[in-house]
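Please look over the model shown here.

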Amino acid sequence: MAVQTAPQWRARVGRAWALADRAGVQEIVLVVGAFLIYFYIRGLVVGRADEAIERAIDLIQFERDLGFYWELEMQSWILGHQWAIRTMNWVYFYGHMPLVVIFAFWLYIWHRRAYRLSRNAFLASGAIGVVMYALWPVAPPRLIPDAGFIDTMAVYDRVGYNAQETEGFVNPYAALPSLHFGWSLLLGLVVFQVTRFPALKVLAVVWPIAMFFAIVMTGNHFIIDAIAGALVSFAGFGIALSLERLWPVMMATLRERWAALRGAPG
């Protein structure tokens, strides 16, 4: 059996890496790994319930002062209407990660630049979100004692992110920012911009609107959480745009320095 030289091994690894890139394996590993880290870190900061509830009560007063504490009234619109409750529960649960994955796959196949920008925006905004969850935990409306909110997902559908098999990755006190809304708004705008299909354009508009009502009506978020989620998501998009512009310059500089080091006399 012939022993392969280092250049042969490098060439072989390079071909395997290129094949993995074409097959999308690199993206799957990167994105799945990043989201597992995101949810794991998010789930590590769950032991500050009193602080989170206090802060949520402060947010209620803040919204009252600004004149848009409408969450209880908005939830009352669906209570007593089983179909409406189930619709909002469905939008909240299945309109988040499942729909994000579907759109990400579609963008990866048909609109690669938009996919990369969106992926980097998600990674950047997720990192910002994790820091905010750790530094500033906020309870969702449904967990505030005597506030009058109903956890519609637990009471009417018996589903939710606090299921036993996923509770290690879930932080119930990560209400602000709402990346449920922020990511749906960001990705909806990207899809609307790149698609030529009217049905997809309609879905791209309806999706974040439906998600906004779902996060509030299910008792999972305040309106201010949605606003923060939008701001964080678009901050992530700004970072992604900056990286797209700066990355080629950075790589070219690194290649030049590496070439200069290799060419320097020993």
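Does tryptophan 207 count as buried or exposed? At 5% relative accessibility, tryptophan 207 counts as buried. That value, like the others here, comes from a predicted model.

**Overall make-up**

The protein chain has 11 helices and zero strands. Of its 266 residues, 41% count as buried. The accessible surface of the chain is about 15400 Å². Carbon and sulfur atoms hold 69% of that surface. Take the contacts in the chain with a separation of 6 or more: 86% of them join residues 24 or more positions apart.

**Aromatic pairs**

The structure holds eight aromatic pairs. One of them joins phenylalanine 103 and tryptophan 207; the planes of these rings lie at 35°, so the pair is tilted. It links distant parts of the chain. Phenylalanine 103 sits in helix H6, whereas tryptophan 207 sits in helix H10 (residues 198-217), and 104 residues separate them. Phenylalanine 103 counts as buried, at 4% relative accessibility.

Tyrosine 108 and tyrosine 115 also form an aromatic pair, and this one is edge-to-face. Tyrosine 108 is buried, with a relative accessible area of 11%. Tyrosine 115 is buried too, at 7%.

| Aromatic pair | Centre to centre | Angle between planes | Class |
|---|---|---|---|
| Phenylalanine 103 and tryptophan 207 | 5.3 Å | 35° | tilted |
| Tyrosine 108 and tyrosine 115 | 5.1 Å | 80° | edge-to-face |

Elsewhere, Trp90, Phe93 and Tyr94 form one aromatic cluster.

**Helices H6 and H7**

How do H6 and H7 lie to each other? Helix H6 (residues 97-110) and helix H7 (residues 112-135) pack at an angle of about 140°, with their axes 6 Å apart. H6 and H7 are therefore oblique to each other. From H6, the contact is made by Val100, Ala104, Leu107, Tyr108 and Trp110. From H7 come Arg112, Ala114, Tyr115, Ser118 and Phe122. By class, this contact has eight nonpolar residues, one polar and one charged. Tyr108 and Tyr115, both in this contact, are the partners of the edge-to-face pair.

**Valine 191**

Valine 191 lies in helix H9 (residues 179-194). Its relative accessibility is 0%, so valine 191 counts as buried. Which residues does valine 191 contact, leaving aside its neighbours within four places in sequence? They are Phe103, Trp106, Leu200 and Ala204. The C-alpha atoms of valine 191 and lysine 201 are separated by 7.1 Å, with the two residues 10 apart along the chain.

How values were computed. Residues numbered from 1 in each chain as written. Predicted model: local features only at pLDDT ≥ 70, side-chain atom pairs only at ≥ 80, totals over all residues. Heavy atoms only, no water. Axes fitted to C-alpha atoms, helices over the stretch in contact; angles between N-to-C directions. Helix = DSSP H or I, 4+ residues; strand = E, 2+ residues; numbered from the N terminus. Parallel < 35°, antiparallel > 145°, perpendicular 65-115°, else oblique. Contact = heavy atoms within 4.5 Å. Nonpolar A, V, L, I, M, F, W, Y, C, P; charged D, E, K, R; others polar. Buried < 20%, exposed > 50% of the residue type's maximum accessible area, 1.4 Å probe, protein only. Areas by Shrake-Rupley, 256 points an atom, 1.4 Å probe, with all protein chains shown as cover. Phe/Tyr/Trp six-rings, centres within 6.5 Å; stacked < 30°, edge-to-face > 60°.
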